[in-house]
Amino acid sequence: MALLSACGKDQSALDAAGVDAEAIRNIFMVTLVGACILWVLVNGAFYTLTRLRTDPLDDRFVRPLLIGGGIVVPSVLLIGLLAWALSILPDQRAPGDGLQVRVTGEQWWWRVEYWPDGAEEPIVTANEIRLPAGQRTEFVLDADRVIHSFWIPSLGGKMDMFPGRETRVSLHPERPGRYRGQCAEFCGVSHAWMAFAAVVMPEEEFDAWLEREAGDAVAPESAEAMRGEELFRSEGCGACHAVRGTEAVGQVGPDLTHVGSRETLGAGRLGATLEDFERWIAHTGELKPEVLMPTYDHLGEAEIADMATYLKGLK
Amino acid sequence: MTDYRQDRSALPKPSGTYPPTEEMLAEPVPDEVQAAQAERLRAAWATPKGFRYWTAVNNSEVGKWYCLTALFFMLLAGVMALLIRAQLAVPESELISADRFNQLFTMHGSAMMFLFAVPMFEAISILLLPGMLGARDMPFPRLSAFGYWCFLIGGVFVIGSIFFDAAPRAGWFMYPPLATEDEGPGSDIWLLGLSFIEVASIAAAVELIVGTLKCRPPGMRVNIMPLYAWYVMVVGGMILFAFPPLIAGDFLFELERSFDWPFFDPERGGDPMLWQHLFWIFGHPEVYIVFLPSIAIAAMIIPTVARRPIVGYSWIVLSAVGTGFLSFGLWVHHMFTTGLPTISLGFFSAASEAVVIPTGVQIFAFLATLMVGRVKMTLPMLWIAGALAIFTMGGLTGVMLALAPFDFQAHDTYFVVAHLHYTLFGGMVFPVIAGVYYFFPFIQKKQLSERLGRWAFWLIFCGFNLTFLPMHLTGLWGMPRRIYTYPTGLGWDGLNLISTVGAFIIAAGFAVFVWDLVRPKHRQPQIKRNPWEAGTLEWTHDVPEEAWGIRSIPHVTSRYPLWDQPEMQARIDTGRYYLPDAAEGRRETLVTSVIDAEPIQVQRVTGPAWITQAAAAFTGGAFIFPTFHWYPPAIVCAVLAVCCIIYWLWTSTARVPEAPSKDAGLGLTLPTYASGHASVGWWAMWITMLGDATAFASLVFGFFFYWTSQDDFPPEGAMHAEPWLVGLAALGLAAAWALTVGARELNRRWMVGAARACLAVAPLAAAGGAAALMVSVLELEPETHVYPAVLWALAIWVTVHAGAGVIMQLYCLAGSVFGKLTPRYDADIWNVSLYWHFQVLAALVTCAVMGLAPGVL
């Protein structure tokens, strides 16, 4: 079991960090043990009958075997199993404790809006989900053009995201930590690169983070960063990306207001070091085939470094 | 000889002694008679030589081509799997591009399902079923051949697209909007190419069902027919109800792709969920369509190995039927994560688990047979053992996956990939290979190598587990399906590498198996006749091979006639039984009654022909050209296909026989012609129309699906179909039906002139009705919203069917004028009126939906 659980794997459904994932893992563990026993029994019977035994048995054993093995045993086991597994179904679909997160699947990234209880307008971000530990958060999901699926294995099951139709799922994380989520429904060429970091934080930390996230972008301070900001403007990045508090208000691509504070880049494609920013800007299309964002490889190395510094500074 | 035009007596009934007495059976047939009969039979059934070999329609030839073609497609799809595994061997590999990878996995799944699993069942059944039933051939050999050529053309077209980098790439499930928005011809190749093959699959299913129902040997009541035949019937029935929803879905999908009618576009009232429902209403039964025939093979091998009759025969039959029914109520478990209400999830969870019970009963019946038998372990049985080990594992993970909460995690991960390969390898690949080893002596009169067979087994078995066992864990550790690569550091690297190594071991095993199959065996001696000492009729085959199928058709009184009727073999060989001769030089087989298998007719079956290939090629053109939006050649092909089919039917089906009855042997005189429900053609029409009606019902389901799932259906202020025109359409089409049925009744009452008049007016009524229906929707703009689009789709459906109905009416009229259709020999018009029964129903439902909906909605 310890081997299966594989602690330290960010995207493992067996490394449960929340109520929902744990309930499902328990079902799996129990059915796994049952499955192993049944497998050995059936195949053992087959081996015995074909290899070890030489004399035929009497016909009167036939009916008990058929009725017992084919009907009674499976019926009893299945009814028990269904009663248990289906009883947790309503919890998996329970409403949240207040915070609502609206996630829209795009090709191939995640548009994220936080709606704290009673909020009038959302706090917009992208490609990262942060959640307070110890409470249930409801996700309202939809999609832009094609179907995606929202999934953070360590926290719970997945839910598909449809264009033109809202779906809902809720998660109740318990153990703070950094996990990984990924799109689970095939959504086109770069489906493989549609992931995100999911960070579970203690409640106070989360509140503090959300407040920061609601604010405008910090202004660049260093000379490189200022040059980067100028490049960001002159290259027209603001047509697609929004950086709140600046003239960049584009809605086509991910919001970058606090991109420097995120754990990953390009929807989980890269880490978030300065070098990762440079790589992303210079090799976008290679890193993520057919992504909408153009590759800015016409910029010089220094220019890319400036732009990266500016973006990394958007904490 | 009386002129049949003047002879007013009805068709003759079977007359003479039945069942045959023991004295009749014991009476020897003189040698010279035997030799002369055999000579005539041989001449009638001779397989064409040289170039003309490809005109053969005999089940033994067509079945063989079919099997080899399906095997070839399977190997190609297997190579694609190897490429997929090679790409996934290490993280962030750049061996294969993302787009190419997506084409590969889409094609791997599509080909394995549509070009291997289902066709392989049909291929094997066409090859084996007549032997098991002691029939000379399938009832419609040219239909088998037509189906095969369609399959070949369509299969090469679909799978070939991968070599031009133009293959479908939206997954074998083709979910819109991804697949509808996809640029390039890939999605169209999938939709049209596979629809074409599905049509061929349905043709084969019709043939197999009719073959099982009507071509059993005298005395083989339904409760003593081989279990394989039961499975064929169940699976054939499932194909009939499972494929049409997909064909209806394909129809809507292609209309959206070609003409932008928004069936699945949420912005204009459509809903991508409708496709998911239609696809999985097909897709889940499909799993059992693949699985049950393999169980059927096991059901033939196990009694032979246990050297005693199967136990729990009726339990197995009931379970197979039960599985067939249940499989249509499980499709939602493929959609557990789409946000359906909890109550639906609970229901479909329970239904999915319920299928364990009939499956379990079948497995335990096999175990029980082995338990009470005296087991002789053979190579086929080794493969069955492997199948059981693998399948039970797939079944048990299936129990887990059917629990909705667990599926929330496992859905669309490698856990499911592992599960489905366990069920399909265990439930299909292994039993089929077992079947190949078991039936090879029947097919080729040679044995496969025991040594190579064991090598192949252990390579495939170990390779398989090495590949797929770790995948359960890969999936639980979070790896989704259908990703072309993955980052390192998630724990997936080692597991993927192991899976890749395993995949190549499987490939090595298949190389051994295929080599064993195709290696030259000239120097090997022919086998003895019944090498496994089995009890069923196919093992009465002739060694060396004869094309006639069976020398004479026996009277069967037990489930294992070779064990229970010891004189049978000699009597078959000496032509003591039915149809020992081909006096008129025609190919014939016996048609018997559905339940009790009492002989009712000598059926003339069709022989070699080029017309079937021509018909298949033009049908192919009609499906393939629209892929590239080349509509004029497509229309030309469609017209030529119809011409070919009419020529084929006219020249070789329901021909007026030279004599109304003939001696069938053993003192029995049987009619040579049948019409209505005594004829095989009528049954074929019935069964085909059930499938057709299912497709139509799927369209109507679509209409009501939109109505319940969308708020704006129909949208406010929408234009509706013109009610008085819809009413007129209903009247016209109903009149066409009434006139057709009237023509049939008048004709059989010798009022030929009045019947012809009806048949001349009926097409006008049908055409008028269909025209009114089209005009009623003419003003509607199908690109604007799904409501007008769905009305258009229904109108087109009815119109196209009315068109086919008109051709049939004219065919009957021509038949009447040229003496093919007479008051006595009237099978054609019986079949055509049956067609119209279904069409008038579809037309009236359509008119009710189109005309009444605006008032109700």
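Mentor: With pairing: two strands pair if DSSP finds at least two bridges between them. Helices (H or I, at least four residues) and strands (E, at least two) are DSSP runs, numbered from the N terminus. This is a predicted model: local features need pLDDT of at least 70, side-chain atom pairs count only at pLDDT 80 or more, and totals for chains, interfaces and linings use all residues. Residues are numbered from 1 along each chain as its sequence is written, and chains are lettered from A and ligands numbered from 1 in the order in which they are written.

Trainee: What makes strand E1 (residues 100–106) and strand E2 (residues 109–115) of chain A a pair?

Mentor: Count the bridges. DSSP has to find at least two. E1(A) and E2(A) have seven, in the antiparallel sense. At one of these positions, A:Glu106 stands opposite A:Trp109 in E2(A). E1(A) and E2(A) also form a hairpin, with two residues between them.

Trainee: How do you know that E2(A) pairs with strand E3 (residues 123–126) of chain A?

Mentor: By the count again. E2(A) and E3(A) share four bridges and run antiparallel. Look at A:Val112: its bridge partner in E3(A) is A:Thr125.

Trainee: Now chain B. How many bridges join E1(B) and strand E5 (residues 668–671) of chain B?

Mentor: Two, in the antiparallel sense. The cut-off is at least two, and two meets it. B:Ser15 stands opposite B:Thr669 in E5(B).

Trainee: What is the strand order in that open sheet of chain B?

Mentor: Three strands, in the order E1-E5-E4, with antiparallel pairing. Strand E1 (15–16) and strand E4 (661–663) of chain B are the edges: each has a single partner strand, so one side of each is left without a neighbour in the sheet.

Trainee: Which residues of H21(B) are buried?

Mentor: B:Cys637, B:Ala641, B:Cys644 and B:Trp648. Buried means 20 or more other C-beta atoms within 10 Å of its own; exposed means 12 or fewer; partly exposed lies in between, with C-beta atoms placed from the backbone.

Trainee: Why do we say that these buried residues line one face of H21(B)?

Mentor: Look down the axis of H21(B). The buried residues fall within an arc of 65°, so they line one face of the helix. The arc is that of the directions from the helix axis to the C-beta atoms. On the other side of H21(B), B:Tyr631, B:Pro632 and B:Val639 are exposed. Among the cover of the buried residues are helix H5 (141–160) and helix H20 (611–624) of chain B. After H21(B) comes B:Ala654, with a positive phi near 45°.

Trainee: Which peptide bond is cis at B:Pro177?

Mentor: The bond from B:Pro176 to B:Pro177, with omega near 0°. B:Pro177 is in the loop between H5 and helix H6 (178–181) of chain B. Another cis bond joins B:Phe713 and B:Pro714, with omega about -10°. B:Pro714 lies in the loop between helix H22 (680–709) and helix H23 (723–748) of chain B.

Trainee: Last one. How many residues does each chain give to the contact?

Mentor: Chain A gives 70 residues and chain B gives 69. Contact means that the C-beta atoms, placed from the backbone, lie within 7 Å. Helix H2 (19–52) and helix H3 (62–87) are among the elements that give two or more residues to the chain A side. H2(A) supplies the largest share of that side, 14 residues.

Definitions and conventions:
Contact = placed C-beta atoms within 7 Å.
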